[in-house]
Amino acid sequence: MALASWFYRLRSSSRYVYAHHRTSTFHNNAVQRVAQNTGILNWQRTRKPVLNWLSSLLPMAVAAAAGSFALQSQTSPSQCDASSIDVRNVRVGGKDSTDFVVKGSHTDVPEDLIGELKNICHDDMTMDPEERYFHGKPQNSFHKAVNIPDVVVFPRSEQEVSEIVKSCNKHKVPIVPYGGATSIEGHTLSPNGGVCVDMSLMKSIKSLHVEDMDVVVEPGIGWMELNEYLEPYGLFFPLDPGPGATIGGMCATRCSGSLAVRYGTMRDNVINLKVVLANGDVVKTGARARKSAAGYDLTRLIIGSEGTLGVITEVTLRLQKIPQYSVVAMCNFPSVKDAADVAIATMLSGIQVSRVELLDEVQVKAVNVANGKNLPEVPTLMFEFIGTEAYSREQTQIVQKIVSEHNGSDFVFAEEPEAKKELWKIRKEALWACFAMEPSFEAMITDVCIPLSHLAELISKSKQALDASSLVCTVIAHAGDGNFHTVILFDPKQEEQRQEAERLNHFMVHTALSMEGTCTGEHGVGTGKMKYLEEELGIENLRTMKRIKAALDPNNIMNPGKLIPPHVCF
């Protein structure tokens, strides 16, 4: 199923001419049919009275104040996000929410807007039900929404993006930016319908500055494609999230990957951006200098904003030299605590490893099942050391000694390119290997990150809960920076299994937060992590974010219902 979605995405992103939009009658029937086929209920076409807010979980005074805002002619709907509240007052994504189907308030896209989009995009737009459903259902996520986009557009330039946004803002129609569709927290859902802005046609490399070690790209290019282009110049972009991720989406979610322990996250590797704001204005966030103290840091504001403040149209990236030499090593342990202790000890030793990855015994079993391997099914650590040949080997020997002092065994390392590639393939294909164990299941993936000193304790507590569960659960960790993922497989047809997966997810998140950690180290918030933000950040932090959102997007058209919990009002 995952491979089918992957090839469908590949086919869709390369298609340049789309079918002409349907008549409004066919459009409405198709939307109803797609919703029914996917089991999505409570299809809503009109906004409901605000009086239903009276039974909400907010304090009475705040609810009344929020209701008074909403009763106005929606001149400032961002004050309190009514669109995230359905007729039964279920606040999806809000504090303590357990519902994974994102509700929304849908109204038909005006025919005037359809005509304007047609004039802007010509054949680079579609209202085809199959294409809209594809863009409305994340390819690697169990999250769902009651609605799908009404229109999908494929801009070819910054100017087109600006015109699209201006038209949507004029008609107060929601916009959902769309990149590589690899996010897993519901970032690209369209709970309110509206316009999906697919950036896949904006993927050019605008300029490369070899001596400055930076590159200017459009947001639709993938990090893997970019590195293929950079390789002949001896340069590379050091972030490595999932295959298929695009630079724009990586900025929007503030992602990282296995190399973050050496090179940092997306916020450390972006020099500046160009962004189309909700009113259609194009803003450049900074100069190309490697550092600047000029004004507010708008670059970092946009990175991680998940499309809620604007649409990224250009990115200037910091590059690195391809390492002269590297060694990949792997070793086994009797417990995940022993493996985590070695990761901590390695970082404290001062060795500048480029990767430290941990796989538990269940994950190793999944690799064996998927790839026909015969690896020992025990907790495993993988390292990568880079630098000169002598330095890389020296680091390897130091870590081998650390491993031996912490109950480690079977320490092996590779220096030949093919051997290194084969070893590292074990980690890079870990997620897909999980589905080999339960091909028809979906995965709930945790993304907690804690201070490194707490890693062994958190993984140990998590493993106890995971091992006691009836579900298949694997652990994959970026152990060098305290970030670890649990892949919890569940049958989407069995509600009790989904609830058990949610229980395990809650346990790990709340445990991480009690250790001064975060609910998301690199996947972002989307709709799936909103419910944890008040506990992690505090209500005043969230109200500040809400004020920024309201100032830059007063009509709340930019990816509404994401990132900021709906119960946050001011």
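Predicted model: local features only at pLDDT ≥ 70, side-chain atom pairs only at ≥ 80, totals over all residues.

Reader: How do you know that the count of disulfides is zero?

Author: A disulfide needs two cysteine sulfur atoms within 2.5 Å, and by that rule the count comes to zero. Take Cys121: its closest cysteine sulfur belongs to Cys168 and sits 9.4 Å away, so that is too far for a bond.

Reader: What makes Cys121 and Cys519 count as buried?

Author: The label goes to residues under 20% relative accessible area. Cys121 comes in at 2%, so it is buried.

Reader: Why are β2 and β5 said to stand at the edges of their sheet?

Author: The sheet is an open one of four strands, in the order β2-β4-β6-β5, with mixed pairing. β2 (125-126) and β5 (175-178) each have a single partner strand, so one side of each has no neighbour in the sheet.

Reader: What makes β2 and β4 a pair?

Author: Pairing takes at least two bridges. Two bridges join β2 to β4 (residues 151-153), and the strands run antiparallel. With that cut-off reached, they therefore count as paired. Within this stretch, Thr126 stands opposite Val152 of β4.

Reader: And how do you know that β5 and β6 pair?

Author: There are four bridges between β5 and β6 (residues 195-198), in the parallel sense. At least two are needed, so this pair qualifies. Pro177, for one, has Val197 in β6 as its bridge partner.

Reader: Which way do the residues of β5 point?

Author: Ile175 and Pro177 go one way, Val176 and Tyr178 the other, and all are buried.

Reader: What makes up the lining of the largest pocket?

Author: By class, its lining has 17 nonpolar, two polar and 12 charged residues. The pocket's volume is about 1,300 Å³. Of its 31 lining residues, Trp223, Arg355, Glu384, Lys421 and Trp424 lie nearest the centre. The biggest share of the lining comes from α15, with eight residues. Among the other elements that supply at least two are α7 (223-230) and β16 (380-387).

Reader: What makes up the lining of the second largest pocket?

Author: There the classes are 12 nonpolar, 13 polar and nine charged. The space in this pocket is about 880 Å³. It has 34 lining residues, and those nearest its centre are Arg254, Arg267, Ile303, Gly304 and Thr520. Elements giving two or more residues to this lining include α10 (266-269) and α11 (298-302). α20 gives the most, with four residues.

Reader: What stands out about the phi of Ala181, and is Ala181 buried or exposed?

Author: Its phi is positive, about 60 degrees, although Ala181 is not a glycine. You'll find Ala181 in the loop between β5 and β6. Its relative accessible area is 8%, which is under 20%, so Ala181 is buried.

Reader: Where is Glu516, and why is Glu516 called exposed?

Author: Look in the loop between α18 (495-514) and α19. Glu516 also has a positive phi, about 65 degrees, although it is not a glycine. Exposed means over 50% relative accessible area, and Glu516 has 71%, so the label holds.

Notes. Residues numbered from 1 in each chain as written. Heavy atoms only, no water. Buried < 20%, exposed > 50% of the residue type's maximum accessible area, 1.4 Å probe, protein only. 1 Å grid on protein atoms, 1.4 Å probe; cavity = no way out; pocket = protein on both sides within 12 Å on 5 of 7 lines; lining within 4 Å. Points joined across faces, edges and corners; volume = space filled by probe spheres on them. Nonpolar A, V, L, I, M, F, W, Y, C, P; charged D, E, K, R; others polar.
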